[in-house]
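Here is a short tour of one protein chain, meant to be read with the model open beside you.

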Amino acid sequence: MKWTKTHLYTLKEAPSDAEIPSHKLLVRSGFMKKLAPGLYTYGAMALRAIRKFENIIREELDKDGAIEILMPVVHPKELWMETNRWNEMGAGLLKFKNRNNHEFCLGATHEEAVVDYVRHDLKSYRDLPKNIYQIQTKYRDEIRPRFGLMRGREFSMKDAYSFDLDQEGALKTYDSMYKAYQRIFDRLGLQYRIVQADAGNIGGSQTHEFQLLADAGEDALLVSDKTQFAANIEVCPAIDVEVYQPASQAELPIEKFATPHQKTIADLEKFTGIRAFELVKTLYFSANEDVSAKDSSLKAFAVLLRGSDEVNPIKVKNLLGMTNPPQMLTDEEVRQVTGANPGSCGPVGLKIPIYADNGIQNFKNYIVGANEDGFHLKNVNHGRDYQVTQFADLRMAKEGDKCPESDGRLKSYRGIEVGHVFYLGQKYARKMNGVFLDKNGKSQFYEMGCYGIGVTRTVQASIEQSHDQDGIIWPMAIAPYHVHICHLDPKDAAVNGFVEAVAKELESKGVEVFIDDRDERPGVKFKDADLLGFPVRIVVGKKGLEGNQIEVVLRRTKEVSKLAQDQVVQKALDLLEQAK
């Protein structure tokens, strides 16, 4: 492919809304252009990378007998009402009406659609198991799209759905897909981790994320320094290295004392001289999930944890069996529940459920808000002064915490979620009457799993992990082209002849070649070659050809070799092997 025959225009500067390197580079390289917030047109180069990754996915899933289909992106409301996700998905689900006033949504995910596709066909145990996948456009109405394809509204995703006779079969399929995902991401040659994760509103009892490591990753990961344990911070167990023991086990009389203008833990720490780790803070949440429910009265609950800790909303959600993380109460709602403003509130005297983090289980004689503005209580003890509904792990784990599997410590990384596998069980089958007859003629719900890979997100994530200050460094597996020839003298017949011969020989060996034949200065071409980031660059000009000194450059290291004409092709092939 020659540059002058394609539609490719690079930029010297990235647009102001591009915040992270991969987003800036994709726009500057001309690989994609913004149509509207969260919506992008993929250029020919980006599309080549996307298609290559799709083919890797297809090859690995087809090995395991998965069946590819294609479902609509527009779904009727009735389908989503069967699972109640029409309401549960909230504003992220883009809903609209057609000319006949029928309600639809754009598919944010396809569990409902795929169950509807199979539920009239999978009638007997003989029809199972099945594993069905698609590569399709998804739309999620992000409140603030950002980071390009990382948090866009429209994106390409591979989603697969398995149907099995029983839990044992479903978990075997889960394991098979888990291994297929490993093969897929191994082929990219990038650093990734498989971590324990939260299922979100898709549901399910077992789930793992595949995370590409990158400094700009949205997800915080914690990884053991001794074992293979790794988890998203959302679900990582928080375990202290040493169990806290109070100075005294004797319970002292409770006392109220004035704390004027002491509204935060930092204020209280300075005011009392007691470190935040030994103070207890009280947070207030709403258990209301369905705002359309007839009983819309506030269902509040409190969460207690150490002043130095941060609450983990996902753990709270899972403890209470909620669909989405709970919302914190407004200041007015806090006053309604406690009689005081935030900053002076505590658990004593509350008539709502109180959940406490394990970190305060051994605490004695601690300080909490008095539920009276400008006052706190000291020498408070749970069990005596108030009752804890349940102790649980409700805080965010952090670097330095104990590894759940050993005496090791947790280390912090940033990651970009590019794949997610879920064991769903019978959640959707039960709600949508997905049944079959077993060997005894008895009706059973099939067991499901679902498995997603963000196709466009992975392509951008690979750039986020693999780039330098000059541009993209493409992984060989999805590089739009393998070799970039900087043709410095496109009007010179001898140079043209050599470039065409090299390109033809490389292409005969399965190498994809891109030729920059523009009438531009060498410096412009070199900068653009670094920006586009194809694995190997060959520089051919009249001067080099006459001196029998042709430059061949490995993009990853920028190592330059100056070679005779007859050595160029073999050197390029050797470097491509090195780049894999």
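Predicted model: local features only at pLDDT ≥ 70, side-chain atom pairs only at ≥ 80, totals over all residues.

A handy reminder when viewing a helix: an α-helix has 3.6 residues a turn, so residues three or four places apart point the same way.

## How the chain is divided

The domain assignment gives domain 1 as 18-237 + 411-464, domain 2 as 255-392 and domain 3 as 481-579. If you take the centres over C-alpha atoms, domain 2 and domain 3 are separated by 65 Å.

## A three-stranded open sheet

Now have a look at the open sheet whose three strands come in the order E13-E19-E18, with antiparallel pairing. Strand E13 (255-258) and strand E18 (366-369) each have a single partner strand, so they stand at the edges, and one side of each is left without a neighbour in the sheet. On average, neighbouring strands of this sheet are turned by 30° against each other, direction ignored.

E18 and strand E19 (residues 375-380) run antiparallel and are joined by three bridges. To find one of the partners, look for Tyr366, which is bridged to Val380 in E19. Helix H7 (residues 265-272) packs on the sheet and touches E13, E18 and E19. The direction of H7 makes about 100° with that of E13.

## An exposed glycine in a loop

Gly349 sits in the loop that links helix H9 (331-338) and strand E17 (354-357). Is this glycine buried or exposed? Gly349 has a relative accessibility of 53%, so it counts as exposed. From Gly349 to Thr338 the C-alpha distance is 8.4 Å, with the two lying 11 residues apart in sequence.

## The second largest pocket

The second largest pocket has a volume of about 370 Å³. Its lining is made up of 21 residues, and those nearest the centre are Lys263, Thr282, Leu283, Pro342 and Gly343.

Which element gives the most to this lining? That is E14, with five residues. Strand E14 covers residues 280-286, and H7, H9 and E18 join it in each supplying at least two residues of the lining.

Terms used: Residues numbered from 1 in each chain as written. Heavy atoms only, no water. Domains from an automatic or database assignment. Pairing = 2+ DSSP bridges. Helix = DSSP H or I, 4+ residues; strand = E, 2+ residues; numbered from the N terminus. Axes fitted to C-alpha atoms, helices over the stretch in contact; angles between N-to-C directions. Contact = heavy atoms within 4.5 Å. Buried < 20%, exposed > 50% of the residue type's maximum accessible area, 1.4 Å probe, protein only. 1 Å grid on protein atoms, 1.4 Å probe; cavity = no way out; pocket = protein on both sides within 12 Å on 5 of 7 lines; lining within 4 Å. Points joined across faces, edges and corners; volume = space filled by probe spheres on them.
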